[in-house]
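Please consult the sequence and structure shown here.

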Amino acid sequence: SVFSSQRNINVNISDNTFTGNVNNEINGNWISAPTGSIHEARLKAKVKRRLRKNSSKDSGRGDSLSDNGDVVRSVVPPTSPKGKLLNRRSKMGKGRGLPKKGGAGGKGVWGSPGEVYGEDEVDVKDPNYDAEQENCVYETVVLPLDDETFEKTVTPIVQEYFEHGDANEVAELLAELNLGCMRGDVPMLAVSLALEAKASHRELTSRLLSELCGCVLTAGDVEASFHKLLKELPDLVLDTPGAPQMLGQFIARAVADNILPKSFIDGYKGRVDCEYARAALDRAAVLLRMSRWTGLRIDSLWGSGGGQRPVNQLIKEVNLLLKEFLLSGDTVEAERCLRELEVPHFHHEFVYEAVIMVLESKGDRTLQMILQLLKSLCASTVITVDQLRRGFERVYLDMADLSIDVPCAYSLLEQFVEQSFNAGVIDKKLRDLCPCR
């Protein structure tokens, strides 16, 4: 019993000593129980851990802790070369991340922005120096066009000209090309495209040839092109049956514009075997003879395009077309003449004049013929629904003035509108808009 009690005492003493040692050490720092507290030791350990985390950024500063746990930064410069290498801040005081030398240095840089360089002086002592190169003049070389490239390049230019009608733009585009020996084929290609186009496009082609002759083409080029066209007439007739007559008009127009000599036609007398070429030359000779004897204006042989005509001239041609139809009654011919005017945006004027003619005639024959014509034109979509509606609406708006000259205009209009609706020319909405007295 004595030995067991003594052993328990020794165990208790050793346990107390171990607990005391543990309590006196926190995070590897030994503290004295009477003077320090556990709370202060924990604060110091926390600050040390924070310093270790920031050691990579603040290496070499010589930071330390005071007795109160505050961070003290030493003024001693860093001695570690590794700390200097890790410090990437600018030494010039321009701020972190800014380019050095103001962006004027570095690989692949030509200098600071806005810097103007003068001409480099030639170094005579340079081993690559060549005295003959000082007087050299460098120019852009454009390869001449061959047959295939010529057609692919010039055809879009001519087709675009049919849309805008600016001959100066065509001259500038052709001047940029190296036509070479293909220069004489430009009139030939333009006329070939115009034969398959409208009358207004043929008029534009004649103007184009007149504008190009002198600046891009020569009189010899134009004459050579018409010689080729006469030889190729048998092939052109396959696509365009009226090619001989149209080519004759092109020849007469070129002679009138002084881009083709007057002896061009006389040179073929008695030497033409092709019937198509003979027909073209005969057509040109007849037109030139008529211009001398009857004063025929060859410069307006093709007429002018619909978009280029004055409005008063279009109105006169529309009235003449309607009067000819009332005399002949040929609907097909009237439709062809309306198409040749090439003014689909002006067809509302045709409808307007046709209805006015019905109101002024006061006869049932004119009413039936105009109704038949409008029905045929609407069925063939020559006159669209929008143009037809605009024409009738214009008549509705002018009824107050029309009734002064034609007292029974309202009753005639109601009768014509009702029959147009029954024939399917207009719809119910347009019929209901018809004004009444």
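## Salt bridges

In this predicted model, the side chains of Arg-431 and Asp-432 meet in a salt bridge, with an N to O distance of 3.5 Å. Asp-432 is partly exposed at 46% relative accessibility, and Arg-431 is also partly exposed, with a relative accessible area of 22%.

Arg-336 forms a salt bridge with Glu-340, the closest N and O atoms lying 2.4 Å apart. Because these two residues are four residues apart in helix 14 (residues 331-341), about one helical turn separates them. Arg-336 is partly exposed at 38% relative accessibility, as is Glu-340 with a relative accessible area of 48%.

A further salt bridge joins the side chains of Asp-266 and Lys-269 (3.6 Å, N to O). Here Asp-266 is partly exposed at 46%, whereas Lys-269 is exposed at 60% relative accessible area. Glu-203, Arg-207, Arg-253 and Asp-257 are linked in a network of salt bridges. The count of salt bridges comes to 15.

## Packing of helices 17 and 19

The axes of helix 17 (residues 385-397) and helix 19 (residues 409-422) come within 12 Å and cross at roughly 160 degrees; the two helices are therefore roughly antiparallel to each other. Helix 17 passes helix 19 in a left-handed crossing.

Helix 17 contributes Phe-392, Val-395 and Tyr-396 to the contact, and helix 19 contributes Leu-413, Phe-416, Val-417 and Ser-420. Of these contact residues, six are nonpolar, one is polar and none is charged.

## A buried serine

Ser-225 is located in helix 8 (residues 219-231) and is buried, with a relative accessible area of 1%. Leaving aside residues up to four places away in sequence, Ser-225 touches Gly-184, Asp-185, Pro-187 and Met-188.

Conventions: Residues are numbered from 1 along each chain as its sequence is written. This is a predicted model: local features need pLDDT of at least 70, side-chain atom pairs count only at pLDDT 80 or more; totals for chains, interfaces and linings use all residues. Side-chain values use heavy atoms; hydrogens and water are left out. Axes are lines fitted to C-alpha atoms, for helices over the stretch in contact, and angles run from 0 to 180 degrees between N-to-C directions. Angles under 35 degrees count as roughly parallel, over 145 as roughly antiparallel, 65 to 115 as roughly perpendicular and the rest as oblique. A crossing is left-handed if the near helix is turned anticlockwise from the far one by less than a right angle, and right-handed if clockwise. Contact means heavy atoms within 4.5 Å. Ala, Val, Leu, Ile, Met, Phe, Trp, Tyr, Cys and Pro count as nonpolar, Asp, Glu, Lys and Arg as charged, and the others, Gly among them, as polar. Buried means under 20% relative accessible area, exposed over 50%, partly exposed in between (1.4 Å probe, protein chains only). A salt bridge is a side-chain nitrogen of Lys or Arg within 4 Å of a carboxyl oxygen of Asp or Glu.
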